[in-house]
Amino acid sequence: MGQLLFDVPDAARDFIAGSLWKDAYVCGIEGVPFQSQNRFDGSRLTIHREISNSGKLHLTCRIPNVGYRSLSTCSLRCLDEEAHLLPLELARGSCYRARVQSDIWKRSGLVLSEKFLDLLDRGTREFLIATSCRADLTKSSEASIRAIELLELANTELGESYSMQSIAFRKQRETQLGTLIAATVVPPSPVGSNTADKFVSAFNAAAVRMNWADIETDSGAFDFDQADQTISFCAANGQRIIGGPLIDFRTRLMPHWLYLFEDDFESFLKAAIHYVETTVAKFRGRVQLWNCATGLNTPGPIAMDDEQTMRLAVGILQAVRRTDPNTPVVMSFDQPFGEYLGKDRDGLSPLHFADALVRSGLGMAGIGLECRFFYQEHATQPRSTVDFGQMIDRWATLGMPMLVQLSAPGGKGPDPLAQAPTDVLEYAASNNDPAADQLRIAGPLIRTLLAKHIVHGIVWDGWCDQVPHVMTHGGLVDDMGQPRPLLEYLTRVRSEFLA
């Protein structure tokens with residue numbers, strides 16, 4: 001058995017108690033989380049695993065002047081009954097990431113800003129203070145927390161420098177970037193709304209959701225009228241159509257009648273393939289990209305083993321290719337960092353699952369990644385743009401173009417029109433304005449994606465909160481019909497950078 005023990009001195013107790021320690025996980029050299037059981041008693045955090053391999057602890061903390069962000073230690077060994085000093089190890093990890101990544105990018109030609117260099121220097125000095133006075137737990141912990149704040153602010157500045165300089169480099173070679181930028185709509189939106197013109201101005205593509213639960217309301221009873229309206233509207237306005245995901249493997253987005261197949265995988269597989277074939281045949285020739293499915297790598301409403309999950313994914317891909325052989329297809333993967341594996345012993349590693357499908361020779365044109373930030377369930381933990389960009393680079397090793405879907409809440413409180421509702425994680429920003437925080441979080445992520453040649457499409461998961469939508473408060477238009485700041489930003493991005 002492998003236990004990683006972390007001491008939490010009194011000076012850091014509130015810092016760790018306010019973290020998402022229940023969702024902490026340890027990953028190995030491949031970046032795949034180990035399943036673990038976590039316990040925090042106020043003075044010690046225990047991560048219990050079934051193996052004793054060394055690994056990096058990932059813990060989302062609420063950092064002063066930064067907000068929630070996932071931190072990681074350097075690789076640590078299990079020390080039997082001896083414990084690591086948690087604040088110091090988190091500071092060491094922040095220092096390592098900032099210094100190593102900046103050195104790599106500097107050698108590649110990145111110009112480091114004076115602001116970054118100042119934050120890096122100050123943060124490093126605080127880390128050295130924390131290290132030198134390790135015997136004084138209070139002083140060391142206080143210096144560690146100051147170091148984490150400064151170094152994570154430095155990482156923010158570093159990520160911004162990288163994205164802006166990389167976009168400028170791309171612009172020198174491409175007058176207009178060919179990236180698709182879209183928002184997801186639940187039909188019949190945006191048809192007939194007073195914000196439809198804003199939708200057309202902001203996006204050169206539309207991701208039209210074809211939720212199985214909305215289209216096949218009863219077994220064998222299909223209703224395509226609303227999806228047909230939306231596709232016709234978007235196509236008439238010159239937008240490319242991303243159809244799907246055809247199957248979103250979340251309970252609220254799957255048909256209610258699937259309970260009939262709870263213990264009959266073969267019947268479930270047959271029903272899923274029939275739905276996919278019928279839907280693709282209906283819109284063949286009007287859709288420019290099929291997003292076959294998302295979330296099959298995470299636990300869903302139908303319990304499946306690894307073999308059944310692979311059979312379902314292959315069956316869906318084959319059904320789309322068989323019915324519409326000329327239109328490109330992608331398969332999407334939820335939570336691409338794999339955080340859910342820290343709690344789910346039987347989960348599939350998203351990158352390994354994707355690699356198996358890519359190697360299968362089924363004709364995938366690309367892969368999709370789905371990242372939902374600042375939600376309390378089934379979400380990607382908040383990351384710096386440096387960490388986010390490194391994740392994109394890892395997935396780029398598959399050699400496939402990427403379609404990346406993002407979402408983050410622009411409001412708080414109940415959202416009765418959300419189809420997959422979940423509680424919102426507080427941004428913890430000083431202005432207490434969720435709409436402004438939505439832009440503050442999403443803007444740097446979007447710029448990071450624009451800097452990556454491998455990313456061919458960026459999709460914002462949510463158009464308008466006035467009508468049915470998927471994610472809680474995820475829309476670019478709020479429930480009163482008022483555009484949020486992120487919509488204006490996306491409109492500028494399209495005008496300045498995109499064809």
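How many residues of domain 1 are in contact with how many residues of domain 2? In this predicted model, the chain is divided into domain 1, covering 2-170, and domain 2, covering 175-498, and the contact between them involves 35 residues of domain 1 and 34 residues of domain 2. Taken over C-alpha atoms, the centres of the two domains lie 31 Å apart.

The size of an interface is often given as the accessible area lost when the parts come together. For domain 1 and domain 2 the buried area is about 2,900 Å², with carbon and sulfur atoms giving 53% of it. On the side of domain 1, Y68, I167 and R170 supply 24% of the area buried against domain 2, which is more than any other three residues supply.

Turning to the polar side of this interface, four salt bridges are found between domain 1 and domain 2, and ten residue pairs across the interface are in polar contact, both residues of each pair being at pLDDT 80 or more. The elements of domain 1 that each supply at least two residues to the side touching domain 2 are the strands β3 (33-34), β6 (56-63) and β7 (67-72), together with the helices α2 (86-107) and α4 (137-173). Helix α4 gives the most to that side, with twelve residues. By residue type, the side of domain 1 that touches domain 2 divides into twelve nonpolar, 13 polar and ten charged residues.

Note on methods. Residues are numbered from 1 along each chain as its sequence is written. This is a predicted model: local features need pLDDT of at least 70, side-chain atom pairs count only at pLDDT 80 or more; totals for chains, interfaces and linings use all residues. Side-chain values use heavy atoms; hydrogens and water are left out. Domain bounds come from an automatic or database domain assignment. Contact means heavy atoms within 4.5 Å. Buried area is the accessible area (1.4 Å probe) that two parts lose on being put together, summed over both. A salt bridge is a side-chain nitrogen of Lys or Arg within 4 Å of a carboxyl oxygen of Asp or Glu. A polar contact is a pair of N or O atoms within 3.5 Å; within protein, one must be able to donate a hydrogen and the other to accept it, and residues adjacent in sequence count only if both atoms are side-chain atoms. Helices (H or I, at least four residues) and strands (E, at least two) are DSSP runs, numbered from the N terminus. Ala, Val, Leu, Ile, Met, Phe, Trp, Tyr, Cys and Pro count as nonpolar, Asp, Glu, Lys and Arg as charged, and the others, Gly among them, as polar.
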